[in-house]
Amino acid sequence: MIWQLINIDVDTPAPHDLKQEKLKLSATLRKYYSFCKRRTFGTFVASKRASTTVWNCCGQTFKELSSIHKRVARTHDTDIHQLTQSTFEVLLSQIEKEATSQQKSTEKEPVDVSSWIPDTSHITGDQLHNGPGEVLLLYCYCQLADPQLICAWQKALCEKLQLTGKVRVATEGINGTVGGTKVATGLYIKAMCCHPIFNIMEKEDFKTSNGGAECFCDLRVGVYKEIVVPSFGCDSCNDTILLDCRNFYESRIGQFSQCLAPNIRKFSYFPDYVDQNLDLFRDKKVLMYCTGGIRCERGSAYLRSKHVCKEVYQLKGGIHKYLEQFPEGFYRGKLFVFDERFAISSNSDIISGCRYCNYPWDQYQLCSTHFCCQLVLSCSACRQGGHTACCPICQTKGKGEEPSATPPQREECECTAMRPRIPQDAL
């Protein structure tokens, strides 16, 4: 099972001088270095492909992606590091030139973002509004000298293509989830890949799922300090941990078999969770996964900084990409998504139960109490019986509650009060 997951950032032993050089890099440069390493590894493996399902390397034939990955990681680590270093230097040079160019253009005259928006004169309004739809999940770490400009472009681009969703822009890059017709999302991907900054992205970097513009209430594009909310198991062998980096309400309805799924409410708690459970990861190989890969970028960097693990890996492309390749693989249950669908599925397994009767159930709804924003697993029978809140406290407070036009004032309910903010786990 474990090696099925490793279409990932391979953290193989590196020459001592390269390790020391990497340790001296800033957090942002480490992200770029990891990006180059993954891209180099993927390109190297692709160069060994003989057909759709066959790879040739060192005179041997491999018929599974996991097998060729192991071969390359074990026997070509020096080649990978040399190529990574070259790619890293080219990327840094490109970023420096682009930053200089952006600074000069900003000083001279404002940039017209309309030049980065595709021509849609050949597209009818009906094609952008009706027809088969999908939801895109994307992120890219790259240096943005003017995030406000990119934010303005993203907003104009999404509005032009009638996309809804959420996009976060920061000096370190972009992270977003947008929905619309397949015609619109196709134009969005093309616009991103043609942009002078985001042209390092490829079509495969955009994860897709069934859905559309109706999956989101509106379009929200903004500039933030970072592109992922920061503050920052397992089987196979005794020294390996398969770590779910998501929140408890995500892993509750779907996860990989026998993973370690921390009972944390927010990803911003993940660094504290690692600090409080360092002995859990000591001298272990840690395989991390999340929805699309971006939280693993941050989580793996933080875990590596503690210098307690033997190795740290991450699932490239996250669960989204894994399910595209292995819909009946080791991931069971639903995949939680941050829009009004709440979840998408690739198999019929239900691994969670109703909060009130424990009947197999994995369809989330918001707590019916005005002041609470918790998600609830309450089956149809229990909901018909009036059990529509997340806990008895909310159920009691919600009785006879009158709808209010003002935004709800969040209050701590039993669900939050009884759950440790940072759990202490054991294998």
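1. In strand β12, Val312 is the residue that stands opposite Val286. Please read this note with the model's origin in mind: it is a predicted model, in which local features need pLDDT of at least 70, side-chain atom pairs count only at pLDDT 80 or more, and totals for chains, interfaces and linings use all residues. Residues are numbered from 1 along each chain as its sequence is written, and side-chain values use heavy atoms, with hydrogens and water left out.

2. Let's stay with β11 and its partners. Helices (H or I, at least four residues) and strands (E, at least two) are DSSP runs, numbered from the N terminus. Two strands pair if DSSP finds at least two bridges between them. Strand β9 (residues 240-244) and β11 run parallel and are joined by five bridges; Ile241 has Val286 of β11 as its bridge partner. β11 also runs parallel to strand β12 (residues 311-314), with four bridges joining them.

3. Together with helix α11 (residues 294-305), the strands β11 and β12 make a right-handed β-α-β unit. Right-handed here means that, with the strands pointing away from the viewer, the path from the first strand over the helix to the second runs clockwise.

4. Is β11 mostly covered or mostly open? It is mostly covered, with four of its five residues buried. Buried stands for under 20% relative accessible area, exposed for over 50%, and partly exposed for what lies in between (1.4 Å probe, protein chains only).

5. Next, the aromatic rings. Rings of Phe, Tyr and Trp (its six-membered ring) pair if their centres lie within 6.5 Å; planes under 30 degrees apart count as stacked, over 60 as edge-to-face and the rest as tilted. By this rule there are 12 aromatic pairs. In one of them, the ring centres of Phe256 and Tyr289 are 4.6 Å apart and the planes stand at 85°, so this pair is edge-to-face. The pair links distant parts of the chain, with Phe256 in strand β10 (residues 254-256) and Tyr289 in strand β11 (residues 285-289), 33 residues apart. Phe256 and Tyr289 are both buried.

6. Phe256 has another ring partner to look at. With Tyr322, Phe256 forms an edge-to-face aromatic pair, 4.8 Å centre to centre with 80° between the planes. This pair, too, links distant parts of the chain: Phe256 of β10 and Tyr322 of helix α12 (residues 318-325) are 66 residues apart. Both of these residues, Phe256 and Tyr322, are buried. Elsewhere, ring pairs link Phe248, Tyr249, Phe336 and Tyr364 into a cluster.

7. How many of the eight residues of α12 are buried? Six are, so α12 is largely enclosed by the rest of the structure. Those buried residues are Gly318, Ile319, His320, Lys321, Tyr322 and Leu323. Their cover includes β4 (133-141), β7 (207-210), β10, β11, β13 (331-336) and β14 (343-345).

8. There are also arginines over rings. A charge sits over a ring if NZ of Lys or CZ of Arg is within 6 Å of the ring centre and within 35 degrees of the ring normal. Arg168 lies over the face of Tyr224, 3.9 Å from the ring centre, and Arg355 lies over the face of Tyr356 at 5.4 Å. Arg168 belongs to strand β5 (residues 164-170) and counts as partly exposed at 21% relative accessibility.

9. Some backbone details deserve a check. Most residues other than glycine have a negative phi. Gln162, a residue other than glycine, has a positive phi near 60°; Gln162 is in the loop between α6 (147-160) and β5 and is partly exposed at 34% relative accessibility. Asp283 likewise has a phi near 60°, and its place is the loop between α10 (278-281) and β11.

10. Gly131 sits in the loop between α5 (125-129) and β4. With a relative accessible area of 55%, Gly131 is exposed.

11. Finally, confidence. pLDDT is the predictor's confidence in each residue, from 0 to 100. The protein chain has a mean pLDDT of 81, and 82% of its residues reach 70 or more. Over residues 1-24, pLDDT stays under 50, and the model has 68 contacts (heavy atoms within 4.5 Å) for them beyond four places in sequence. Residues 231-236 also stay under 50, with 26 contacts beyond four places in sequence.
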